[in-house]
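Dear colleague,

Please find below the structure that I am handing over to you. My findings follow directly after it.

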Amino acid sequence: MLSPRTKSWTFPHCPTPPDWRLDFAALVAQFDWLRIMGTCPQDPQWHAEGDVLTHVGMVCRELTAMLAWRALPETERNIVFAGALLHDAAKPRLTKEEDGHLRSRGHSLAGMRMARRILGDEIFGPGGTPFHVREQICALVRYHGLPGTLLEKADSQRVVITASMTARCDLVAILAEADTRGRICPGLDQAIERVQLFRDFAGESSCLSGPYPFASAASRFRYFRTPGAPPTIDVYDATRCTVTLMCGLPASGKDTWVKQNAGDAPVISLDALRTEMDVDPSGDQGPVIRAAKEQAKAYLRENRGFIWNATNTTRMLRDGLIDLFTAYNARVRIVYCEAPMNDIRRRNAARKVPVPMRVIEKLMDHLDVPDLAEAQEVEYSIASDK
């Protein structure tokens, strides 16, 4: 259920009925991340309209004229509008000339991370944009180009189902259509047909307006960790214990969550091990990780659940640990903790040994918020939503 704050959230200057007037100039005047797009050229082969800002303005005009967008509930309209403004936010950072053409490889993924930082600004409300709204916008930025490339994917269904774990594919399709119409290039009719194909394919794959409905959490987990498995897979849950994997920036509330929820479960804390082993946080962490994994294996051999308490802010880090836990038939629950950056700075400064803010900022810039493609269960503990 959406919180009242989420239901009432709006993006500045998002057009409203009855006139649906778009004041793009006001948006450009308000946001420096938007203005900088005007300095970024695009390759005329695909964007003859000019720089990125010109393209984004055209996308927003096309979007706000679409009946499909206007028919959305207010929250969804604002989410897609924000996605349109942010979808090319990373192009100024990434655009470079390759073989005589301007390209911006990886701008969707980088743009998702930029959007997360931008939407954390207090201008979007206390503590920034509500978590679930922000993450849906970030997902739209991440997958806005998928409809145009779906036909080139080796396993189109797996790609669409994966996207559906975080992004609403119907909203992706609306944004992609506006993105396609909001440019000057050859082959627009075929490109729009690809968007319709994506919409139809997501519908046929049962994930157009929400995540794919797996038979169970165990089946979903097996699907995403088994290349080539069909989404209809239905497996027996043979797990013997539950491991809780904490995730979040330093000072985001992980220790508090553990104190309030651990109960009798043992806790493997990397911070505690560093203190016990006298290892500096900026030094070689190999001995600490090895000691933690040995503790984990001892519990797993006893079929005893426990909590692994560390930052684990990237999917790569979490995947290695999940492989270890599931090798012993453990069920994995990820608990993601988040607090506004201003609160993190204040809490961190009050610690006996603060984490350097440059480290926290770097972790934030590479943060992968966990989703249901990673574990049997994912729980979000968001301070700004409480």
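In what follows, helices (H or I, at least four residues) and strands (E, at least two) are DSSP runs, numbered from the N terminus. This is a predicted model, in which local features need pLDDT of at least 70 and side-chain atom pairs count only at pLDDT 80 or more, while totals for chains, interfaces and linings use all residues. Residues are numbered from 1 along each chain as its sequence is written, and side-chain values use heavy atoms, with hydrogens and water left out.

Overall architecture

The protein chain contains 20 helices and 7 strands. Its C-alpha trace spans about 60 × 50 × 50 Å along the principal axes. Of the 386 residues, 50% are buried (under 20% relative accessible area; exposed means over 50%, and partly exposed in between, with a 1.4 Å probe and protein chains only). Taking contacts (heavy atoms within 4.5 Å) between residues at least 6 apart in sequence, 72% join residues at least 24 apart.

R168 and its surroundings

R168 lies in the loop between helix 11 (156–164) and helix 12 (169–181). This residue counts as partly exposed because its relative accessibility is 22%. Leaving aside residues up to four places away in sequence, R168 touches E76, Q136, L140, L208 and S209. In the case of S209, 41 residues separate it from R168 in sequence, yet the C-alpha to C-alpha distance is 5.4 Å.

Helices 16 and 17

Helix 16 (residues 270–277) packs against helix 17 (residues 286–301) at an angle of about 120°, and their axes are 10 Å apart. Here axes are lines fitted to C-alpha atoms, for helices over the stretch in contact, and angles run from 0 to 180 degrees between N-to-C directions. From helix 16, L270, L273, R274 and M277 meet P287, V288, I289, A291, A292 and Q295 of helix 17. The residues of this contact comprise 8 nonpolar, 1 polar and 1 charged. In this division Ala, Val, Leu, Ile, Met, Phe, Trp, Tyr, Cys and Pro count as nonpolar, Asp, Glu, Lys and Arg as charged, and the others, Gly among them, as polar.

Backbone geometry

Most residues other than glycine have a negative phi, and most peptide bonds are trans. P17 and P18, however, are joined by a cis peptide bond with omega of about 10°. P18 is placed in the loop between helix 1 (4–7) and helix 2 (24–30). D99, which is not a glycine, has a positive phi of about 55°; D99 sits in the loop between strand 1 (96–98) and strand 2 (101–103) and is exposed, at 75% relative accessibility. S206 likewise has a positive phi, near 60°. The loop between helix 13 (188–204) and helix 14 (217–224) holds S206, which is partly exposed with a relative accessible area of 43%.

Cysteines

The structure holds 0 disulfides (pairs of cysteine sulfur atoms within 2.5 Å). For C14, the nearest cysteine sulfur is that of C60, 9.2 Å away; C14 is buried, at 11% relative accessibility. For C40, the nearest cysteine sulfur is again that of C60, at 16 Å, and C40 is buried with a relative accessible area of 5%.

Yours sincerely
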